[in-house]
Amino acid sequence: MDLLSPYSLGPLSLPNRMVMAPLTRSRHPEAVPNSLTATYYAQRASAGLIVSEATQVDPRGQGYPDTPGIYSDAQVEAWREVTDLVHAVGGRIFLQLWHVGRVSHPDYHGGALPVAPSAIAPTEGKVMRPDFSLVPFETPHALTVAEIGEVVEQFRRGAQHAKQAGFDGVEIHGANGYLIEQFLSTSSNQRDDEYGGSAENRVRFLTEVTDAVLSVWDADRVGIRFSFGQGTNGVTDENPMETFGLAAQRMGEAGLVYIHAVRPNAQMGTAGGDAPDVLHLVRENYDGTLITNGGYDRAEGERALHDGLADLIAYGRPFLANPDLPIRFAADAPLNEPDKTTFYGGSTEGYTDYPLWHATEAELEPA
């Protein structure tokens, strides 16, 4: 097997084993996708699978400027234009369902505090306000049991809206220090009720969200992303092998089609040296498809597949700068370098204007 070999993911036939990783681009004022969004994803339809940028399931789930949502009729209609165009050019796309939890600011919520499992602010980093300025985190509101149920319902609604919008499936965002990982991890979850304490209790919120999503989608169209309490957004776990081993086991019992694993020390594209431990942890507790992400180049991705560490390799920045990345790999073509200054915010520059290798943007438009 290699990156360009086909793969069966549930009911989907992927033409290659290259996944476009979720990439926040902050280009959606009023949290609604637009025609540029459709062009951006359609340009990248040669990926075996596209996972959309993180998309909040409720306004209280937003924590960054101009990120898209999936909670309103206008958003559903706009995302439908995206999926229609991706499908018209032969692509496959999952929506990533997201709630940032405490990684937010009152400016996003009319002055109300962000929410979290416990009233503990992140101890590292700063939060980005809607005007892109960075300020210290505020102590979040600890969700009541009733409010937890409301958030679970928000994920169910988001899953339903994703189906209405024409996505091929959904990925639950359980990584990067956001709400689900806040519940999973001991540093951010210090509750003394049925959602805190033991690993079994801390996994409860994840399983309830998963069950809600599975009430809408068949399990062979649902994946989950984990980053294993690596410290992103100040979230760590005192025993990640136990916590995330159990989480992976629960996802296997639920029948999820894949786990999307962010390898340690690979945040922001810096490759880590202990990836096999994380991937083996998943393999030992889960029998489905394993996607791995985190600073892979072509050669390292091929090795991971050859060694059986993963079934699919997710690429972030390489897909950002090279819309036709699988075509370039097949042709041994040179790669465009990503322009970091255009990662977040803006318009077409650094978004839909990266040059293609064998096709023009016009050729990606449906007839």
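Asp-332 lies in the segment after α11 (325-331). The model is a predicted one. Phi of Asp-332 is near 50°, a positive value in a residue other than glycine. Most residues other than glycine have a negative phi. Asp-332 is exposed, with a relative accessible area of 61%. A positive phi also occurs at Asn-233, about 55°, although this residue is not a glycine. Asn-233 sits in the loop between β11 and α7. The relative accessible area of Asn-233 is 18%. Buried means under 20%, so Asn-233 counts as buried.

The strands come next. Eight of them close into a barrel, in the order β3-β4-β5-β10-β11-β12-β13-β14. The pairing is parallel. From one strand to the next, the twist averages 25°. Strand β13 (residues 289-293) is joined to β14 by three bridges, and the two run parallel. In this pair, Asn-293 stands opposite Ala-314 of β14. Strands of a sheet pair through backbone hydrogen bonds. Helix α7 (residues 240-254) lies across β11 (222-226) and β12 (258-262). The angle between α7 and β11 is about 175°.

Helix α9 spans residues 298-306. At its N-terminal end, α9 is capped by Asp-297. A side-chain oxygen of Asp-297 lies 3.3 Å from the backbone nitrogen of Ala-299. The buried residues of α9 are Gly-301, Glu-302, Ala-304 and Leu-305. They are on the same side of α9 because they cover an arc of only 160° around the axis. What covers these buried residues includes β14 (312-315). Just after α9, Gly-308 takes a positive phi of about 75°.

The largest nonpolar core has 93 residues. Within this core, Phe-205 and Phe-226 have the most contacts. Helix α3 (residues 145-164) gives the most to the core, with six residues. A second core, of nine residues, is separate. Among its members are Ala-54, Tyr-64, Trp-98 and Tyr-178.

Conventions:
Residues numbered from 1 in each chain as written. Predicted model: local features only at pLDDT ≥ 70, side-chain atom pairs only at ≥ 80, totals over all residues. Heavy atoms only, no water. Buried < 20%, exposed > 50% of the residue type's maximum accessible area, 1.4 Å probe, protein only. Helix = DSSP H or I, 4+ residues; strand = E, 2+ residues; numbered from the N terminus. Arc of directions from axis to C-beta. Contact = heavy atoms within 4.5 Å. Polar contact = N/O pair within 3.5 Å; in protein donor to acceptor, adjacent residues only side chain to side chain. Core = buried A, V, L, I, M, F, W, Y, C linked by side-chain atoms within 4.5 Å. Pairing = 2+ DSSP bridges. Axes fitted to C-alpha atoms, helices over the stretch in contact; angles between N-to-C directions.
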